[in-house]
Amino acid sequence: MPHPGTRWGLCLREDDRLIGTCGLFGWNAGWRQCTIGYELLPRHQGAGLMHEALQAAIGWGHEHRQLHRIEAIVHPDNQPSITLLRRLGFQQEGRLRDGARWGGRFHDMLLFAHIHTPAGAA
């Protein structure tokens with residue numbers, strides 16, 4: 001049975017106002033893979049909050065959904081997101097030419113992937 005995904009809201013510990021979200025979607029249970037997505041209000045970016053949230057989301061996906069592969073698709077100009085993904089162990093695998101459309105035109109996108117290697121596995 002297809003799974004539509006899981007999304008979490010992000011709040012600061014001292015405040016219950018929503019400042020961002022992250023989630024796993026586009027699940028393919030047979031292939032044990034999905035896509036990760038996230039956004040954070042600009043005033044909270046750069047403080048490590050999304051890094052913490054994505055570590056938790058990735059860990060949850062591996063532990064509770066037995067995911068082997070998690071993909072991320074990012075615009076080439078989004079250097080903060082690219083840096084974040086690399087810090088989390090994602091590797092760039094390619095460029096999706098005209099992979100997205102907004103603002104009346106197509107945009108290339110970069111494909112990243114995080115492959116789960118359980119402790120002790122070769």
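User: Which elements do the buried residues of α1 pack against?

Analyst: In this predicted model, the buried residues of α1 are Met 50, His 51, Ala 53, Leu 54, Ala 57, Ile 58, Gly 61 and His 62. Seen down the helix axis, these buried residues fall within an arc of 165 degrees, so they line one face of α1. The elements that they pack against are β1 (5–11), β2 (18–28), β3 (33–40), β4 (69–74), α2 (79–87) and β6 (105–115).

User: How far apart are the end C-alpha atoms of helix α1?

Analyst: Helix α1 covers residues 49–65, and at 1.5 Å a residue its 17 residues should span 24 Å.

User: Which element gives the most residues to the largest nonpolar core?

Analyst: The largest nonpolar core has 25 residues, of which Ile 36, Tyr 38, Met 50 and Phe 90 touch the most other members. Two or more residues come from each of β2, β3, α1, β4, α2 and β6. The element that gives the most, with five residues, is α1.

User: Which element supplies the largest share of the lining of the largest pocket?

Analyst: The largest pocket holds about 520 Å³ of space, and among the 25 residues that line it, those closest to its centre are Tyr 38, Met 50, Pro 80, Ser 81 and Leu 84. At least two lining residues are supplied by each of β3, α1, β4 and α2. The largest share, six residues, comes from β3.

Terms used
Residues numbered from 1 in each chain as written. Predicted model: local features only at pLDDT ≥ 70, side-chain atom pairs only at ≥ 80, totals over all residues. Heavy atoms only, no water. Helix = DSSP H or I, 4+ residues; strand = E, 2+ residues; numbered from the N terminus. Expected span 1.5 Å × (residues − 1). Buried < 20%, exposed > 50% of the residue type's maximum accessible area, 1.4 Å probe, protein only. Arc of directions from axis to C-beta. Contact = heavy atoms within 4.5 Å. Core = buried A, V, L, I, M, F, W, Y, C linked by side-chain atoms within 4.5 Å. 1 Å grid on protein atoms, 1.4 Å probe; cavity = no way out; pocket = protein on both sides within 12 Å on 5 of 7 lines; lining within 4 Å. Points joined across faces, edges and corners; volume = space filled by probe spheres on them.
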